[in-house]
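Please read these comments alongside the model.

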Amino acid sequence: MNSSLNAARRSRELAEAGDLVVDVLVVGLGATGAGAALDAASRGLSVTAIDAHDLAFGTSRWSSKMIHGGLRYLARGQVRVAHESAVERGLLLRHTAPHLVRAQPYLLPLTPAVSGGQAATVMTGYRLGDGLRMAARTPRRLLPGPARISAGRALSLAAPLSPNGLRGALLSWDGRLVDDARLVVALARTAASRGARILTRCRALELAGDGARVRDELTGSTFAIRARTVVNATGVWAAQLDPDIRMRPSRGTHLVLRPETLPGLRAGLHVPIPGESNRFALVLPQHDGRVYVGLTDEPVEGPVPDVPQAPEEDVAFLLDVLNSVLGVPLGRQDVAGTYAGLRPLLAAGGRTADLSREHALLTSGSGVVTVVGGKLTTYRRMAEDAVDRVVALGRLGAGGSRTARLPLVGAGAVPEARAVRKVGAVPDRLRARYGSEAGAVRALMAEDPALAEPLPTGITRAELVWAVRHEGALDVDDLLDRRTRIGLVPEDRAAALPAARAALAY
Ligand SMILES: Cc1cc2nc3c(=O)[nH]c(=O)nc-3n(C[C@H](O)[C@H](O)[C@H](O)COP(=O)(O)OP(=O)(O)OC[C@H]3O[C@@H](n4cnc5c(N)ncnc54)[C@H](O)[C@@H]3O)c2cc1C
């Protein structure tokens, strides 16, 4: 079946949704829900998956975009979670999404604030992390091992570092997503190609083990979706649909810097947080040239907002930590944008940073299976566990999960010779975002050269049109805030708004 999502397909499938009884209803289309829809559909089950807003509307688009090897879990003695993380990273890099996940180098600058003992401890951790890579059978050619490097080499990889007192740096490698929201879109489209109905702007008002009452957020009409089993994958909002669940979200804030703010930054940075022995801020160069700086971990009380905001105290904290390693300190005016996300942590005692990041499966009295917690890196494993649970509960007669080796839309080589013959060379930027579909996106520009016009971050008008035709974008917010990340910088968003409107009418 076709993987393209668009307004016409949504209308058609929405009209059918009320008349069917599907095997699995998935509520929530972040990484976990889109992963569950794919897992179930690829086992041959009939699936409807809904989101109150859009694909990747929730926490999944506010991550640090790291595909973790599990080191931090090892440091807490969570060996099983650490191993699971390393295995999932390997699957993404090798089989399921090699176009969206790349190896990223990180430096821990050895400044006077980092003692020799601390550096030795961190290096031991990095070596253990490399052991996890080996245990997960991820080849070193995909993820090189750690090394101590000289101050000169560190400055060649990260020119903005202050040279004063720099003894060198510890170099390590981990996975990085080109864009977390694109992973969700790829999951949803791959699920759609296996027959799953992917319906955005459909809010579950009430859930039961045999379906949901749903409101079409575009028309306001309500209807029922009947299902043999139901997965609640609504992340930080899970408790709104199951009152037995208690969440204790924690806010993580990132700063967004323009490409020219930290020129010559070719590696990410682990910056020790002053006064804490094993906590680091992250400086994360992005594929589009922007740099993110994160991240805080603050418990949040009260109602869960649709879009969390980054408070000024988080911004000041991150700037202070960043400035502790820069040659030329940055000010508030250098911060072009900010974003904050809420970690979907289950309530338990202790500080949120110490809460288990493992995922949980909870079955309500009415038979709804909630899958919550975990992280982006382990979405596939969370999805597999949730679908295993509903298959057993609903006696659905499906086999085991098939997603470990199932390439997502775009995985695989760009059909090189054909693309070049038809449309000329396909830029690396497009390959990294579209993988094997890059040639088709490029072909749009060949058909209409006006579509090649670049917008902020280098995104072209063609990509907006592609998002409307194939990636389920229904309005300008979908285009600017999720199919592309232009919207992370408000000025860039305003500049691209007319192009987004034009793409919807194209
Ligand atoms: C700041 C931050 C940084 C992070 N960095 C990383 C990282 O680098 N690497 C990593 O592996 N993990 C990271 N994580 C963790 C990871 O982002 C999350 O664990 C993961 O994205 C959660 O995905 P989810 O699908 O469970 O939830 P979400 O992405 O929040 O999806 C839930 C969806 O449910 C929908 N929904 C809610 N209510 C309803 C309803 N009533 N009806 C229909 N739909 C509904 C929402 O619109 C939303 O789209 C980070 C988390 C945070 C907060």
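The numbered points below take the domains, then the ligand.

1. This is a predicted model, in which local features need pLDDT of at least 70 and side-chain atom pairs count only at pLDDT 80 or more, while totals for chains, interfaces and linings use all residues. Residues are numbered from 1 along each chain as its sequence is written, and side-chain values use heavy atoms, with hydrogens and water left out.

2. The chain is assigned domain 1 (7-60 + 181-246 + 355-405), domain 2 (101-177 + 248-341) and domain 3 (416-504); such bounds come from an automatic or database domain assignment. Taken over C-alpha atoms, the centres of domain 1 and domain 2 are 33 Å apart. Nine residues of domain 1 and eight residues of domain 2 make the contact (heavy atoms within 4.5 Å).

3. Domain 1 and domain 2 bury about 730 Å² between them, with 62% of it on carbon and sulfur atoms; this is the accessible area (1.4 Å probe) lost on being put together, summed over both. On the side of domain 1 that touches domain 2, five residues are nonpolar, two polar and two charged.

4. Across the interface of domain 1 and domain 2 there are zero salt bridges (a side-chain nitrogen of Lys or Arg within 4 Å of a carboxyl oxygen of Asp or Glu).

5. Around the ligand are 37 residues, of which Thr-32, Asp-51, Ser-60, Met-66 and Thr-377 come nearest (a heavy atom within 4 Å). The protein covers 96% of the 1000 Å² of accessible area that the ligand has on its own (Shrake-Rupley method, 1.4 Å probe).

Technical notes
Buried area = accessible area lost by both parts, 1.4 Å probe. Nonpolar A, V, L, I, M, F, W, Y, C, P; charged D, E, K, R; others polar.
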